[in-house]
Amino acid sequence: MDNTGEKLSLKEKIGYGLGDTASNLYFQMFVNFLLFFYTDIFGIPAAAAGTMLMVSRFWDAANDPIMGIIADRTNTKWGKFRPYLIWMSGPLAIFGVLAFTTPPFDVTGKIIYAYITFTLVMMAYTAVNIPYSALMGVISPNSQERTSVSTFRFVLAFVGAFIVQGLTLPLVDFFGGGDQALGFPFTMGVYGILACILFYITFKTTRERVVVSSDQKTSLKDDIKDLIRNRPWMYLLVMGIFTLGYIIIRSGTILYYFKYYIGSEALASLFMVLGTVGVIAGVASTQFFAKKFGKKRFYIFVMSLTTILTMLFYFLPSDQIFLIFALHILISFIMAPQAPLLWAMYADTADYSEWKNERRATGLVFSAATFAQKFGIAVGGGMAGWMLALFGFVPNTAQAPETLDGIKMMMSFIPAAGTLIATIAAFFYELDDNTMKKIENDLKLRKANGQQEGIK
């Protein structure tokens, strides 16, 4: 393991972050538009769409550890993880277009087509995103530098969100000429080309500095055993699942909230964009506050406050547009640091595993992390569709009062339960900043002693 203390250049931090700009061109489409696309454009019943999203994402989540294991065992002149940014970005672009294409099938045919195309695009997304995420664990051996990289990553990730939320509906109208079924696949084609370019920039500007010792024996059984015994990672598992459940339910409800409760679908894009502005500002503040208060304490603070503010959203009347926007921007700003904090803590658990077990499996740690998050996405996506059906939702018509009340609950109390559980789990996470300093120093001493043994 190369434990040099060099600081990463601004160019490399930005280059790494642009990879998540690319990833978010897809992720934000899935979060903000896919359920709406299936119900209101493709014509799939809400409950069937929710079931499809849950089943497909469970399969997708199961692929994550497999991809992590493959990446850990990949050896090329470019490293273990970087090559996948080139190899799989093209298939991801193609499958992304197919997932938002609407062939003229009957309802059963549409559901089957949705299962196939969504499964394919998520498998390609996994093949790019798992190695990309794992790259952060080997880009530097220094925990503070990884927190800095993570901050850049999520600032630029939400630039991708800003693009999707602000430009998707205008691009759909532009390419479709009023026909959204035609506009969506062309829009995904544009995003796919842009993503390929950004992934290439990440590949060219980054390096893998933390290298597994050549003496480490490869054992899948031992890798999995180490992960299961990694107690801090297990708490992050819970935090990731319920945080993503919050994001998926709330984000997936926005278009319904504005179309049916507010009565202006056009305001949804501005709502999402301004929320993303708040997120970018919040993410940019992460490194300062994390250094001042510590990652764990800062995480607990932002998630606790997010829970309270989200519950207040239920009580806002539909004509109070300013308050609705203001509270959403505040929630977005307050919650934003959780993402870079969480991923920086995942990198810390990879160091913890090496420190405790004298073995490193960075790809598996990060793939298992994304497995947890995709499990949350699966549950959140399925629940969103099922809850719409439970509340009596009927697409493209005026909704009953109880349906509108249900949509309000999906923007407030229901997702807030997820952040509350994540906050409780964070109290048990044990890798505070002082512990990580000890781990980093111990790993440096091991390397130094190993080099001395080699000289002898």
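The buried residues of helix α2 are Leu 34, Leu 35, Phe 36, Phe 37, Tyr 38, Thr 39, Asp 40, Ile 41 and Phe 42. In this predicted model, nine of the nine residues of α2, which spans residues 34-42, are buried, so the helix is largely enclosed by the rest of the structure.

**Helix α2 and its link to α10**

- Asp 40, one of the buried residues of α2, forms a salt bridge with Lys 259 through their side chains, at 2.8 Å from N to O.
- Because Asp 40 belongs to helix α2 and Lys 259 to helix α10 (residues 231-262), this pair ties together parts that are 219 residues apart in sequence.
- Asp 40 has a relative accessibility of 12% and therefore counts as buried, the cut-off being under 20%.
- Lys 259 has a relative accessible area of 22%, so this residue is partly exposed.

**The link between α1 and α7**

- A salt bridge joins the side chains of Asp 20 and Arg 153, with an N to O distance of 2.8 Å.
- Asp 20 is located in helix α1 (residues 10-32) and Arg 153 in helix α7 (residues 143-176), so the pair ties together parts that lie 133 residues apart in sequence.
- Both Asp 20 and Arg 153 are buried.

- Arg 146 is buried, with a relative accessible area of 0%.
- Asp 351 is likewise buried, with a relative accessible area of 1%.
- Arg 146 and Asp 351 belong to a network of salt bridges that also includes Lys 295, Asp 348 and Asp 433.

**Backbone points**

- Most residues other than glycine have a negative phi.
- Asn 396 has a positive phi of about 60° although it is not a glycine.
- The place of Asn 396 is the loop between α16 (362-390) and α17 (401-410).

Key. Residues numbered from 1 in each chain as written. Predicted model: local features only at pLDDT ≥ 70, side-chain atom pairs only at ≥ 80, totals over all residues. Heavy atoms only, no water. Helix = DSSP H or I, 4+ residues; strand = E, 2+ residues; numbered from the N terminus. Buried < 20%, exposed > 50% of the residue type's maximum accessible area, 1.4 Å probe, protein only. Salt bridge = Lys/Arg side-chain N within 4 Å of Asp/Glu carboxyl O.
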